[in-house]
2 protein chains.
Amino acid sequence: MTNDKLLKLKQFYAKFKRLPTYTEMLDLFGFASRNAVYKVIHKWMEEGLLEKIGNRIAPTASFFVIPFLGAIQAGSPTMHESYSDDFVSLDQYLVPHPGHTYLLRVSGDSMIEEGIRPGDLVIVDRLRQPKQGDIVAAFIDNEWTLKYFNQTNGTVFLTAANPHYSPIHPQQSLTIGGVVIKVIKEYY
Amino acid sequence: MTNDKLLKLKQFYAKFKRLPTYTEMLDLFGFASRNAVYKVIHKWMEEGLLEKIGNRIAPTASFFVIPFLGAIQAGSPTMHESYSDDFVSLDQYLVPHPGHTYLLRVSGDSMIEEGIRPGDLVIVDRLRQPKQGDIVAAFIDNEWTLKYFNQTNGTVFLTAANPHYSPIHPQQSLTIGGVVIKVIKEYY
DNA sequence: TTGACAAGTGAACAAGTGTTCACTATACTT
DNA sequence: AAGTATAGTGAACACTTGTTCACTTGTCAA
């Protein structure tokens with residue numbers, strides 16, 4: 001099965017963080033001739049899973065795509081790989097503005113009422129203009145913290161979801177890193 | 001500066017999804033001799049950023065370490081420096097077992113006590129063996145739902161975080177799609 | 001039974017691989 | 001001023017790389 005080989009290729013990449021050489025694929029796929037590998041690879045290149053950059057093979061975005069199961073209602077999730085639109089690249093999905101998006105590990109409990117706990121990972125978009133009610137990353141007291149963005153009568157102030165914290169009215173300058181667009185909670 | 005070269009190496013990896021060859025690093029680092037590259041690479045291997053698997057160089061876990069904005073506490077937050085390091089692949093970070101991982105959009109409110117709300121995105125690992133207390137994706141009543149996995153005296157049953165739902169003791173067969181390893185909450 | 005076709009074999013090729021060696025230039029310590 | 005690390009050069013090495021070519025299977029329809 002070809003999908004069998006593709007799965008092994010992905011597993012190899014996950015383990016060694018690179019594509020295997022043709023010789024390594026001999027063992028991986030169970031071939032005896034490197035030319036058999038050549039043909040498989042070039043078939044995948046035609047399918048858009050791999051591409052040639054310079055004279056070297058590189059995985060494309062669709063190589064990293066993972067299946068999106070939300071739509072499936074019946075049957076068990078059989079993992080046969082068909083590359084349809086039901087596959088998502090997390091990089092592309094989660095980062096709308098590459099180069100203007102960054103990660104922040106939540107340290108305080110100021111947003112615990114929003115379900116954002118210490119240890120969670122936050123994706124912040126610098127390009128997004130903060131609007132009333134947005135969660136923003138602000139640099140306060142030499143630390144990055146998450147607050148609600150508020151704007152009344154042209155005055156900007158920040159509030160926490162946790163009521164134990166009082167609103168922050170910036171004295172002179174307010175450094176806002178960006179708007180929180182996604183929160184990633186890790187269970188492992 | 002050495003960090004300059006390391007940054008370029010990481011940028012190369014982010015772009016091409018592999019480490020460059022020594023010859024490519026000549027241009028990348030501005031060296032004239034491949035031996036200069038050899039020495040830099042082996043210095044990084046001693047520092048634990050790279051490692052040798054077989055007779056090939058591979059990035060280690062610390063190579064992929066995410067530059068969090070939270071790390072820069074002292075000094076003024078020069079945004080430029082902080083996010084210029086942001087070359088992390090979320091695909092790699094979030095998906096430990098490519099080909100055995102999938103996404104699921106949360107529809108019910110059975111896990112709202114855990115902070116998992118309808119509309120959230122869940123990353124499910126099929127390879128992970130469910131343990132007591134894990135959140136699993138289970139196929140119940142022709143639907144995928146999230147429940148806590150419980151195991152007492154060899155008997156498996158599922159519970160919801162929301163106390164309005166009663167525990168589910170499977171009559172005959174229990175289809176578990178996998179263990180929830182990450183939850184993505186979307187604010188935009 | 002024949003012919004076509006996809007899939008794999010095995011040998012050969014030039015070019016590129018990581019590594020080693022001996023050597024040079026520069027900066028820094030004492 | 002002399003000595004010593006540190007960083008880079010450049011040529012050579014054995015081996016591996018991706019690719020090409022001609023050839024051999026097994027499968028299946030007509």
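This is a predicted model: local features need pLDDT of at least 70, side-chain atom pairs count only at pLDDT 80 or more; totals for chains, interfaces and linings use all residues.
**View 1. Helix 3 of chain A, end to end.** Just past the end of helix 3 of chain A sits Gly48(A), with a positive phi of about 85°.

**View 2. Helix 2 meets helix 3 in chain A.** Here the axes of helix 2 and helix 3 of chain A are 9 Å apart, and the two helices pack at an angle of about 90°. That makes helix 2 of chain A roughly perpendicular to helix 3 of chain A, since anything from 65 to 115 degrees counts that way. From helix 2 of chain A come Tyr22(A), Thr23(A), Met25(A), Leu26(A) and Phe29(A); they meet Arg34(A), Val37(A), Tyr38(A) and Val40(A) of helix 3 of chain A. Sort the residues of this contact by class and you get seven nonpolar, one polar and one charged.

**View 3. Helix 3 of chain B and the glycine after it.** In chain B, helix 3 takes in residues 34-46, which is 13 residues. From first C-alpha to last, helix 3 of chain B reaches 19 Å, close to the 18 Å expected at 1.5 Å a residue. Look just after helix 3 of chain B for Gly48(B), which has a positive phi of about 85°.

**View 4. Helix 2 meets helix 3 in chain B.** The axes of helix 2 and helix 3 of chain B come within 9 Å and cross at roughly 90°. These two helices of chain B are therefore roughly perpendicular to each other. Seven nonpolar residues, one polar and one charged make up the contact of helix 2 with helix 3 in chain B. Helix 2 of chain B brings Tyr22(B), Thr23(B), Met25(B), Leu26(B) and Phe29(B), while helix 3 of chain B answers with Arg34(B), Val37(B), Tyr38(B) and Val40(B).

**View 5. Around DNA strand C.** Both protein chains turn up here: Phe31(A), Ala32(A), Ser33(A), Arg34(A), Asn35(A) and Ala36(A) from chain A, with Thr21(B), Tyr22(B), Thr23(B), Arg34(B), Asn35(B) and Tyr38(B) from chain B. The elements giving two or more residues to this surface are helix 3 (34-47) of chain A, plus helix 2 (22-29) and helix 3 of chain B. By class, the surface near DNA strand C has five nonpolar, five polar and two charged residues.

**View 6. Around DNA strand D.** Chain A supplies Thr21(A), Tyr22(A), Thr23(A), Arg34(A), Asn35(A) and Tyr38(A), and chain B supplies Phe31(B), Ala32(B), Ser33(B), Arg34(B), Asn35(B) and Ala36(B). Two or more residues come from each of helix 2 (22-29) and helix 3 of chain A, and from helix 3 of chain B. The residues near DNA strand D split into five nonpolar, five polar and two charged.

**View 7. Asp4(B) in helix 1 of chain B.** Asp4(B) lies in helix 1 (residues 2-16) of chain B. With 10 C-beta neighbours inside 10 Å, Asp4(B) counts as exposed. Thr159(B) is 155 residues away from Asp4(B) in sequence, and their C-alpha atoms are 52 Å apart.

**View 8. Chain A as a whole, for orientation.** Chain A has four helices and 10 strands, in the order α-α-α-β-β-β-β-α-β-β-β-β-β-β. Of its 188 residues, 29% are buried. Among the contacts in chain A with a separation of 6 or more, 46% link residues 24 or more positions apart.

Methods: Residues are numbered from 1 along each chain as its sequence is written. Chains are lettered from A and ligands numbered from 1 in the order in which they are written. The expected span of a helix is 1.5 Å times one less than its number of residues. A residue is near a molecule or strand if its C-beta atom, placed from the backbone, lies within 6 Å of it. Ala, Val, Leu, Ile, Met, Phe, Trp, Tyr, Cys and Pro count as nonpolar, Asp, Glu, Lys and Arg as charged, and the others, Gly among them, as polar. Axes are lines fitted to C-alpha atoms, for helices over the stretch in contact, and angles run from 0 to 180 degrees between N-to-C directions. Angles under 35 degrees count as roughly parallel, over 145 as roughly antiparallel, 65 to 115 as roughly perpendicular and the rest as oblique. Two residues are in contact if their C-beta atoms, placed from the backbone, lie within 7 Å. A residue is buried if 20 or more other C-beta atoms lie within 10 Å of its own, exposed if 12 or fewer, and partly exposed in between; C-beta atoms are placed from the backbone.
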